[in-house]
Amino acid sequence: MTTVAVTGAFGKAGRAVVADLLAHGYQVVATDAAGPTGDPGPLGVPLLRAELTDYGQALEALAGADAVVHLGNIPAPGHAPGPHTLNANNAANANVFLAAQRLGLQRVVWASSETTLGLPFDVPPRYAPVDEDHFPVPTSTYALSKVVGEQMAEHISAWSGIPFVGLRLSNIFRLEDYAAVPGFWGDARLRSWNLWGYIDARDVAAAFRLALEADVTGSRNVIIAAADTIMDRPSADLLAEVFPDVEITRTLGEFETLLAIDGARRLLGFEPAHSWRDHVGPAAR
Ligand SMILES: NC(=O)c1ccc[n+]([C@@H]2O[C@H](COP(=O)([O-])OP(=O)(O)OC[C@H]3O[C@@H](n4cnc5c(N)ncnc54)[C@H](O)[C@@H]3O)[C@@H](O)[C@H]2O)c1
């Protein structure tokens, strides 16, 4: 799989994915509904402007690729009216998955979301750490679009024989986002909405690359999060304060993520290489 189409290439995750794939010797066909065209352009490769809710444009965007990394979605609740988020993401996901089938691609790797697991946990999780089995608990049209996407992936994979990997990404942090981290520590409830999870954009990119290369059949979906929480106090203390009645299913490492990544470790050989601890100075801690 040497040529990879990347949708949503000009977005937060897309830029990191394109840079990582190019650095690892892949050819990249970058596409996005927005962003500067030009050759090579800021991504280092040309950007094809294509609107994925249009099947013909999705088909063109994937033509000639061996595999697709599909990131082009409205990326969170609240960015657009709720019904539009559901309709637009469903259309983009269906079109990309069906174009992959039509073109006979070898692999589809795409961005699902931690939100499928019950965020913002206004209803506490059934247990912690939350893992892949804490699904489906969508509470927004955005999360529902990802749940529907996982269902579409399962069936289109079965029809086509193409392996699909959905990555249930936690909240993505770029280097410039880490300055905000100490501001989270004073109030455990500020970030309880995703069990204090996060994921470095460089680790997102590595996870997509590993998912392109992993030995997978059918459609598989795994959580991608950092190995630690965003907080400077022990994970067990956070649970005791905000979710005192939630069952803790194993002995927790001191700062261990409460979005379990054992599934990604097993399926992809994923191991987060980055932490906010490498980027927030001791004075702030
Ligand atoms: N940012 C996060 O914390 C986070 C967490 C979990 C999952 N995700 C998922 O990861 C993916 C990438 O997110 P991001 O943070 O890079 O978002 P982003 O908004 O920075 O980038 C998404 C890109 O996709 C493009 N796009 C959106 N809809 C499109 C369409 N219909 N046709 C063509 N292009 C379209 C946008 O123009 C944008 O450049 C999304 O699928 C998102 O749902 C993001």
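Here is a walk through this structure, from the ligand and its pocket to a few backbone details in the loops. Keep in mind as you look that the model is predicted.

Let's begin at the ligand. The shell around it holds 25 residues, and A13, D32, E51, Y142 and I172 come nearest. By class, that shell is made up of 13 nonpolar, eight polar and four charged residues.

An N or O atom in the side chain of D32 is 2.6 Å from an oxygen atom of the ligand. For Y142, a polar side-chain atom lies 2.6 Å from a ligand oxygen. The backbone takes part as well: a polar backbone atom of A33 is 3.2 Å from a nitrogen atom of the ligand. As for how much of the ligand is covered, it would expose 820 Å² taken alone, and the protein buries 85% of that.

Rolling a probe the size of a water molecule over the atoms shows where empty space is left. The ligand sits in the largest pocket.

The largest pocket itself has a volume of about 930 Å³. Its lining counts 40 residues, with N73, I74, P75, A76 and Y142 nearest the centre. When you trace the lining along the fold, the elements that give two or more residues to it are α1, α3 (82-103), β5 and α4. By class, the lining has 20 nonpolar, 15 polar and five charged residues.

Most residues other than glycine have a negative phi, and most peptide bonds are trans. The peptide bond joining D39 and P40 is cis, with omega about 5°, and P40 is found in the loop between β2 (27-32) and β3 (47-49). Another cis peptide bond runs from F135 to P136, where omega is near 0°; P136 belongs to the loop between β6 (127-128) and α4. The last stop is F121, a residue other than glycine whose phi is positive, near 55°. You will find F121 in the loop between β5 and β6.

Note on methods:
Residues numbered from 1 in each chain as written. Predicted model: local features only at pLDDT ≥ 70, side-chain atom pairs only at ≥ 80, totals over all residues. Heavy atoms only, no water. Near = heavy atom within 4 Å. Polar contact = N/O pair within 3.5 Å; in protein donor to acceptor, adjacent residues only side chain to side chain. Areas by Shrake-Rupley, 256 points an atom, 1.4 Å probe, with all protein chains shown as cover. 1 Å grid on protein atoms, 1.4 Å probe; cavity = no way out; pocket = protein on both sides within 12 Å on 5 of 7 lines; lining within 4 Å. Sits in = over half its atoms within 2 Å of the grid points. Nonpolar A, V, L, I, M, F, W, Y, C, P; charged D, E, K, R; others polar. Points joined across faces, edges and corners; volume = space filled by probe spheres on them. Helix = DSSP H or I, 4+ residues; strand = E, 2+ residues; numbered from the N terminus.
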